[in-house]
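Good morning. Please look at the screen.

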Amino acid sequence: MKPQEIVRDLYGVDQPQGCTDEEIAAMKESFGAIPAAVEDFWRTFGRTKELNQCQDDWMFPEQYSKWKWLEEYDGLVLLNENQGCCQACVRREDLTLPDPPVYEFVNDEAQEQISPSVSQFLEAALLYESVFRLECSPEEFFELPEEDLEVIQAKLAKHPAVLKNWMEFEVTFYSSRPDNLVVIMDVGGQYQTLYGGATEESYAALMEVMEGLGEPI
């Protein structure tokens, strides 16, 4: 799914708000270069408040103007984990690439690669963050035995986007329609899930598969 489709279908935003030319120019001056994929994302979504009403925090030019700690990183922070435990970043040496890889940073040091490109990261991260704001969802996370995961894999469509090494999880995504979502978090073969729908109708469609699967955590 394209970011515009994800934001429309799962965030309920038809007209996202983007950054200004002045904000983009200031970021380019500060960093020397900004990847084209990041610039495009900022120009489209950089002032869309709904994106920062989820689990973690997107770092847009507006946040860079407020929080000086961001400038101390040896890279460009795209997403900050809600407790600041880690960040998704483009390394400084990769900023001249049009669509560079994204890494998890801990204490301002690059760790494992999260995604091979910004564009793939944006799709996966937008999906992941959306599940925390869907209107219709159970309150609990669920632990999934492997046989229940196999039911999901057989009956729902898998998104190509994947988040790897985010808080030790490998995160994959499934849907029965564009406005519902199942998030699978795999830690060494132990599976957890969170899911929901943007409307009661889309949630009901998802529950045709998810009903009875997993145990509440």
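The protein chain has 217 residues and a radius of gyration of 17 Å, which agrees with the value near 17 Å for a compact globule of that length. That radius is taken over C-alpha atoms, and the globule rule is 2.2 Å times the number of residues to the power 0.38. This is a predicted model, where local features need pLDDT of at least 70 and side-chain atom pairs count only at pLDDT 80 or more, while totals for chains, interfaces and linings use all residues. Residues are numbered from 1 along each chain as its sequence is written, and side-chain values use heavy atoms, with hydrogens and water left out.

Along its principal axes the C-alpha trace spans about 55 × 35 × 25 Å. The chain has 7 helices and 12 strands; these are DSSP runs numbered from the N terminus, helices being H or I with at least four residues and strands E with at least two.

Now the helices. The axes of α2 (residues 21–31) and α3 (residues 36–45) come within 10 Å and cross at roughly 150°. Axes are lines fitted to C-alpha atoms, for helices over the stretch in contact, with angles from 0 to 180 degrees between N-to-C directions. The contact (heavy atoms within 4.5 Å) involves D21, I24, M27 and K28 of α2, and E39, W42 and R43 of α3.

Next, the sheet. An open sheet has 5 strands in the order β1-β2-β3-β4-β5, with antiparallel pairing; two strands pair if DSSP finds at least two bridges between them. β1 and β2 (residues 75–80) pair over 2 bridges, and W58 stands opposite L79 in β2.
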